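Visitor: I have a structure open and would like to learn how to read it. Can you take me through a few features?

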2 protein chains.
Amino acid sequence: MTKRDFLRSIGAVAGVGAAYHTMSAMGLLGPVLAQAAAPELPLGSGYGKRVVILGAGISGMTAAYELSKAGYHCTILEATGRAGGRNLTVRGGDVIREADNRQWVDFDQEDHLYANMGPARIPYHHRVILGYCKEFGVELEVFTNDNRGALFHNAEAFGGKPVTGRQVMTDLRGYVAELLAKAVNRNALDEDLTGDDKERVLSMLTSFGGLDPDYLYAGSNRSGYQGEQVHAGIAPGDVNDPLDFSELLKSDFWQYKLHFSQFLNQNPTLFQPVGGMDAIAKAFRARVGHLIQFQSVVEEIRKTPEGVRIVYVNQRRNLQEAIEADCAICTIPAPVLKDIPNDFAPETQAAIESIEFEHAVKIGFQARRRFWEDDHAIYGGISWTDQDITQIWYPSNGYHRSKGVIMGAYIWDDKPGQGLRFTGMTPPERLRTAMAEGEQIHPGYTDEIESGVSRAWLNVPFQKGGWPRNYAAPPELLKPDGAIYFAGDQATALPGWQEGAALAAHAAVEAIHARVTAS
Amino acid sequence: MTKRDFLRSIGAVAGVGAAYHTMSAMGLLGPVLAQAAAPELPLGSGYGKRVVILGAGISGMTAAYELSKAGYHCTILEATGRAGGRNLTVRGGDVIREADNRQWVDFDQEDHLYANMGPARIPYHHRVILGYCKEFGVELEVFTNDNRGALFHNAEAFGGKPVTGRQVMTDLRGYVAELLAKAVNRNALDEDLTGDDKERVLSMLTSFGGLDPDYLYAGSNRSGYQGEQVHAGIAPGDVNDPLDFSELLKSDFWQYKLHFSQFLNQNPTLFQPVGGMDAIAKAFRARVGHLIQFQSVVEEIRKTPEGVRIVYVNQRRNLQEAIEADCAICTIPAPVLKDIPNDFAPETQAAIESIEFEHAVKIGFQARRRFWEDDHAIYGGISWTDQDITQIWYPSNGYHRSKGVIMGAYIWDDKPGQGLRFTGMTPPERLRTAMAEGEQIHPGYTDEIESGVSRAWLNVPFQKGGWPRNYAAPPELLKPDGAIYFAGDQATALPGWQEGAALAAHAAVEAIHARVTAS
Ligand SMILES: Cc1cc2nc3c(=O)[nH]c(=O)nc-3n(C[C@H](O)[C@H](O)[C@H](O)COP(=O)(O)OP(=O)(O)OC[C@H]3O[C@@H](n4cnc5c(N)ncnc54)[C@H](O)[C@@H]3O)c2cc1C
Ligand SMILES: Cc1cc2nc3c(=O)[nH]c(=O)nc-3n(C[C@H](O)[C@H](O)[C@H](O)COP(=O)(O)OP(=O)(O)OC[C@H]3O[C@@H](n4cnc5c(N)ncnc54)[C@H](O)[C@@H]3O)c2cc1C
């Protein structure tokens, strides 16, 4: 019996699932990824146990959802009147607040006219978040990061004229391939490449870079054709002249912008929930909303002999109240948490203080017409600029409809101070500044814009920043301090992603379950 | 008054449109693309003129739509009972025919369970087709070509084990960057790079390839992390080991598969009509269906002193009939057209005979479960293999639903004979062969598949092939022969794309208008 026959026989007898399982165990399936692995706690295993969860963001709600399935008695204390935390989608008629300003969102009320002011994209390998989307029936559509028709703009390069992603990427590959082919042909890499590989590298480079038979890069139709039509038409037409290599190197495009979609969390396929990212927050709220005490601002986090005691202000009644529980899961963002009186060990407090958050700012604009589609054939994706706005995002929804919401800025302190500069402005100043910068990329831009809204996360009470700048959580937050467990994206090596927030929740849930089972 | 002020003043006085126009003329807008430029013939300019159009594919229907708007009297002769030609979407319950077989499509009847057996994707710069989609209200969704979670498989490489696009692309960039950095540091490129550029190239390569501070490629987290989770989790985890460079070079991945999405017509953003590509054919049919005489097989194409005479068999009545007109637009695919008796000049006939069509084959499979999503986090995109099936396409729709239709093969004679081999099989043989090859990429594949359908275009009457293999039309087909104009994608330098078919129609319409106006 061959291995395959054996497997088929299992398939026949025990069903496809069993065969799969066996094959997976035998390592035959190639890259198999864990299914959205929610902790599967035994039903009822949490009965009689109380957990208080601080914060009703994605992390807090994930923890409450999983724990209450197992019978734990959960309470979520949430400072604001809304579930979702950084997961925030705004629509016409909404009012959003920062520390010292209030903005009224003046978008038209249509399904496709919304702005995700926090998370906006979900990469294909974020199995936990996508798993919840599947489980909760949150409909998904593709989010486009990498659109070769979008633009690169650098005031210092190409006379400040934007160039298309298509051109920049094609030409850079071409020049890299040409240079390497030259070096290979000059025998400069003979110590690195054996005879056969040398030949293969040359063929590979021809294809990689679009080189001519002499291994030179003389432009490529990959970058498009000259004139009003990007592609060949009735006759082939003339290919774009390649961009000057030296000028390309002088631009900042290649510093990361050009490789952006190579990054693991930015490469396709990415998704967005249809109608706005808050579809996820709403789906969680529909399941754990009854466990949330809104407008309950945590003011003290205390250890007790039996567990924890959380003091909070109930803002509706304007009363200080307290809740005791066997343990707590704390998802309050570090910049807020560090100032809340607590009984943490000094290492814990120091770890919390060590976490710095990005000064992230987003600005959404409603445009009266989809000029990016009509005039430039830009459908979704990102234009990059060296100005402070950093990016313009075109909507990955509502294609060909009459209006659209673009992100007129998405800043994260790529150049120090960018985020702070915008944070310090009044909302109207932010809009004006972003429009002026946008004009450099799309002349006439200002005239296309009907209204706008901004969010400077540093200036948002109970958030005080975008996401942790460090790329791994301090180890102190990966274990409980007494009966207090830490979660939120800050308690992971995947900060700035809802997946991290959910993973941290799962880790806390599993640790609590282990504690309860052991006791 | 500055240029900008001037423009603003126009904006204020004449409206945004006028300002845009002026700016466009002044070259200030950067890359502005022609709007879907349908010929704008004067209303009524075609009254009293008769045009007979041969073939009701996208090209023929486009011509009829534009000409009849201007008052021309159009008749379309279509051999089959369906409008759309190669634009063909199949669904449960459909019966499709080839020369010597009939297939009953046994898919479940749900919106997302269809297969585009002809065209399936529309790149963002196909302004004419997208323009019609906008005009006709054909809803679009993103089609994914480049999914870094999809697989590359080569029987000779990596022990025949599929590797992810993410790994292959990251590692190839890494190795290319490392080699080039070495050559630069060995001064092998000093004649090509001036001092400053040399430094900049090194920095650029670090970012391009993910090199370490010594300009070496030691793997990169861009390729993902080891274990069941692709990305970092609670702790960072271990980055994938880089694939062996020599092995990578021995695979056929880089021959074009790895660069596929660099190609102009394959790079993002791409679209598909929601519910199937035939939404476009149906939208045209809704507008010009009354002009189509179905089951009318053209058998002679004749010149007359006044114009043209087309002899055809009306298959419903089983009668030979004839139609006279001032001119004709012929969109019949060259492999069919070459055998139709005609009065063409010898050069025209030779040109038609010179066009060879690809032996394109597609195979659609309905899977009982979306194992690519569930087990592999593959959402849309293409897995490539060196086997004859060439590709597996995962659906860019119906994400997370219970079943899905994948393309189990899409062959175009990349290796000579591949298409012919599948064309020569019976439909059940095709399915079995494609399943067996698919097993190499997804063990257990066969057990997941519920039903399938194939289309070998060479074997389809009135088509006899996929699309022209040559990359520019013979010049003889770009001008009329007498009063006979040629259209279809074969009369362009954009064969194999509906955009070409529509552009050719526009060109024919404009030429006929010029002829009519001149006479
Ligand atoms: C601009 C921006 C863009 C982003 N882009 C993406 C993206 O594209 N994709 C993605 O997946 N992720 C993205 N993220 C990251 C994502 O938003 C976070 O990782 C995730 O939402 C964090 O969830 P959380 O539950 O850990 O924290 P939060 O959402 O911050 O929840 C914390 C909760 O605690 C509450 N709270 C604070 N203080 C108190 C208190 N004293 N008492 C009671 N409650 C309190 C807050 O009100 C809040 O509801 C982005 C974030 C930002 C800011
Ligand atoms: C497998 C495959 C994949 C493709 N992928 C894409 C893609 O992703 N995107 C894209 O844009 N394009 C794609 N194309 C190309 C696209 O399908 C064509 O460019 C386009 O549909 C051609 O339209 P047409 O009107 O020129 O020709 P056709 O669609 O071939 O129309 C010709 C018509 O003439 C009729 N006819 C033939 N002989 C006679 C006769 N004797 N008398 C009367 N009528 C006759 C035929 O029945 C047919 O209806 C693909 C094609 C194939 C085969």
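Visitor: What distance separates the centres of domain 1 of chain A and domain 3 of chain A?

Guide: Keep in mind that this is a predicted model. Over C-alpha atoms, the two centres are 53 Å apart. Now look at the bounds. Domain 1 of chain A is assigned 50-84 + 287-356 + 470-518. Domain 2 has 89-149 + 268-276 + 358-459. Domain 3 is 165-250.

Visitor: Let's turn to ligand 2. How many residues surround ligand 2, and which are the closest?

Guide: There are 37 residues around ligand 2. The closest are S59(B), E78(B), R86(B), R121(B) and D489(B). By type, the shell has 19 nonpolar, 14 polar and four charged residues.

Visitor: Between which domains of chain B does ligand 2 lie, and why?

Guide: Look at which domains supply the shell. Domain 1 and domain 2 of chain B both give residues to the shell, so ligand 2 lies between them.

Visitor: Which elements of chain B each supply at least two residues of that shell?

Guide: They are α2 (58-69), β13 (296-304) and α14 (498-518). The largest share, three residues, comes from β13(B).

Visitor: What lies 2.8 Å from an oxygen atom of ligand 2?

Guide: That is a polar side-chain atom of D489(B). The backbone takes part in the list too. A backbone N or O atom of Q498(B) lies 2.9 Å from an oxygen atom of ligand 2. For a polar backbone atom of W497(B), the distance to a ligand oxygen is 3.2 Å. The protein covers 99% of the 1,000 Å² of accessible area that ligand 2 has on its own.

Visitor: Now the aromatic rings. How is a pair of rings described?

Guide: Use the distance of the centres and the angle of the planes. Over all chains, a search of the whole structure finds 55 aromatic pairs. One of them joins Y132(A) and F284(A), edge-to-face, with 5.1 Å centre to centre and 65° between the planes. Y132(A) sits in helix α4 and F284(A) in helix α8, 152 residues apart. Both Y132(A) and F284(A) are buried.

Visitor: How do F344(A) and F486(A) pair?

Guide: Edge-to-face again: 5.4 Å between centres, 70° between planes. F344(A) is in the loop between α9 and α10, while F486(A) is in strand β22.

Visitor: Is F344(A) buried or exposed?

Guide: Buried means under 20% relative accessible area. F344(A) counts as buried because its relative accessibility is 9%. F486(A), at 6%, is buried too.

Conventions: Residues numbered from 1 in each chain as written. Chains lettered and ligands numbered in written order. Predicted model: local features only at pLDDT ≥ 70, side-chain atom pairs only at ≥ 80, totals over all residues. Heavy atoms only, no water. Domains from an automatic or database assignment. Near = heavy atom within 4 Å. Polar contact = N/O pair within 3.5 Å; in protein donor to acceptor, adjacent residues only side chain to side chain. Areas by Shrake-Rupley, 256 points an atom, 1.4 Å probe, with all protein chains shown as cover. Helix = DSSP H or I, 4+ residues; strand = E, 2+ residues; numbered from the N terminus. Nonpolar A, V, L, I, M, F, W, Y, C, P; charged D, E, K, R; others polar. Phe/Tyr/Trp six-rings, centres within 6.5 Å; stacked < 30°, edge-to-face > 60°. Buried < 20%, exposed > 50% of the residue type's maximum accessible area, 1.4 Å probe, protein only.
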